[in-house]
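Definitions are given where each term is used.

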Amino acid sequence: MSSAATSPAGSRACAPPNEPASAGALRAALRAADARGDLDRAALAMSAAEHERLRDDWALWARADQMPPVGDWTTWLLLGGRGAGKTRAGAEWVKAQALGRRPFADAVAGRIALVGETFADVRDVMIEGVSGLLRIHRRGERPTWKPSLRRLEWPNGALAQAFSSEDPESLRGPQFEIAWADEIAKWRHAEEVWDMLQFGLRLGDRPRQVATTTPRAVPLVKRLVADPACVVSRASTRANAFNLAPRFLDVVVGRYQGTRLGRQELDGELIEDRQDALWRRDEIDRARLDVAPELTRIVVAVDPPATSGPNADACGIVAAGVNEAGQGHVLADASARGLRPTDWAARAVALFETLEADALVVEVNQGGEMVETILREVAPAVPVRPVRATRGKWLRAEPVAALYAQGRVRHVGTFPELEDELCDFGPEGLSSGRSPDRLDALVWALTALMLQGRGSPKVRNL
């Protein structure tokens, strides 16, 4: 550290000549200089090596909610809004453990588990992402990513293995000292994967794990929040405003702030189902399947947006099927926002062909014959079945929600955004005020498959 940040006499008390001071010493010197009102001069007098060391000092830059809790804990759960800095906090904790860096670690953690929703998520977010492990290391300490082996190897010998929540059995056998589990609220086999991970945390003196996620009221998250052995930190999107685009804060945060969706996705609150919602998460979870049985009929339902462009409503595209016993099965949610008509038509047709469906069920209230024409241009041979809504969304949705309550509909896999809409749909619509486009498409699909001729909107063949 320079004389300006150390002592009036100009001595470099923090380190020997030509050697950068330790991060802790630099931190203390800067705080002393700040107390004297001399921070700018102290920072300018630092060497390049000291600047680099300070940039690498997470304890200096992290917010309180991004710092590991004190005490003898085993699980640290970070619940945060979108862009709140959860990934950076998780990556910095793993980095400190792999390097044995105080005050976060007493020794090097040689064996590490990185668990994400999919392998692609582990690679794209936890390892190669803008806040991922490869980005936050200094050059000489940076680990090497070996995609074919799904391993991250540090120069000091520490090693991290990548795992996907889609494959619980892959965690049966390996052993770890620490683990980082990302977006656990979106994991496909959440409970099973988490349990397998616990059995693998058996190396070292203090096996620990950090879990980072935007909260959803799924069983695993609720269980961890209620567990007295789990330490929970919470952060909102606005807490990380300095690192976010101003337009994101103005447009997205401004639009959803205060809504139920905003409280969950921006404020990081764990929001339970709406009391007046038609669907319940526990009903969906109890009936969930990993693989669909043999189905006798499959349809792809489309709820087209009234307009196109980035601010338009989403185009709801949901596929469902029914088996011989008359049970409905939700197979896919390909809904998307900001698509042009030819794009959503191509997306719907692609799903139709992938699933070898029997028909495209399309709402024509918005666009009428134009909707059918667009689909015909994309795929002339696909059987299109137009439907027209004559009742409100709530009245159309009630009979379909009753099928769920009776245990007659099962989700094959997880569809977080669709399920969020279902469990947030009350008499006045979604709490965000947006159109429930995914829900609408699901209602049309299951109506066509299971409720035709029972007072539901009629579907005619072209």
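Residues are classed here as nonpolar (Ala, Val, Leu, Ile, Met, Phe, Trp, Tyr, Cys and Pro), charged (Asp, Glu, Lys and Arg) or polar (the others, Gly among them). By that scheme, the lining of the largest pocket holds 14 nonpolar, 13 polar and 17 charged residues. The model is predicted, so local features need pLDDT of at least 70 and side-chain atom pairs count only at pLDDT 80 or more, while totals for chains, interfaces and linings use all residues. Numbering starts from 1 along each chain as its sequence is written, and side-chain values use heavy atoms, with hydrogens and water left out.

**Largest pocket**

- A pocket is an open set of points on a 1 Å grid over the protein atoms alone, where a 1.4 Å probe fits and protein lies on both sides within 12 Å along at least five of seven lines; lining residues have an atom within 4 Å of a point.
- The largest pocket contains about 1200 Å³ of space, the volume being that filled by probe spheres set on the points.
- Its lining comprises 44 residues, and R82, K86, T87, V125 and E183 lie nearest the centre.
- Helices (H or I, at least four residues) and strands (E, at least two) are DSSP runs numbered from the N terminus.
- Elements that each supply at least two lining residues include helix 4 (58-61), helix 5 (86-99), strand 11 (328-333) and helix 16 (416-422).
- Helix 6 gives the largest share of the lining, five residues.

**Aromatic pairs**

- Rings of Phe, Tyr and Trp (its six-membered ring) pair if their centres lie within 6.5 Å; planes under 30 degrees apart are stacked, over 60 edge-to-face and the rest tilted.
- Six aromatic pairs are counted by this rule.
- F163 and F176 form an edge-to-face pair, 5.6 Å centre to centre with 80 degrees between the planes.
- F163 belongs to strand 5 (residues 159-164) and F176 to the loop between strand 5 and strand 6 (178-182), so this pair ties together parts 13 residues apart in sequence.
- Both residues are buried (under 20% relative accessible area, 1.4 Å probe, protein chains only), with F163 at 5% and F176 at 1%.
- The ring centres of W279 and Y404 are 5.7 Å apart and their planes lie at 80 degrees, so this pair is also edge-to-face.
- W279, in the loop between helix 11 (260-265) and helix 12 (281-286), and Y404, in helix 15 (residues 393-405), are 125 residues apart.
- W279 is buried at 0% relative accessibility, and Y404 is buried at 5%.
- W73, W76 and W93 form one aromatic cluster.

**Charges over rings**

- A charge sits over a ring if NZ of Lys or CZ of Arg is within 6 Å of the ring centre and within 35 degrees of the ring normal.
- R150 lies over the face of F119, 3.5 Å from the ring centre.
- The charged end of R208 sits over the ring of W73, at 4.1 Å from its centre.

Definitions and conventions:
Buried < 20%, exposed > 50% of the residue type's maximum accessible area, 1.4 Å probe, protein only.
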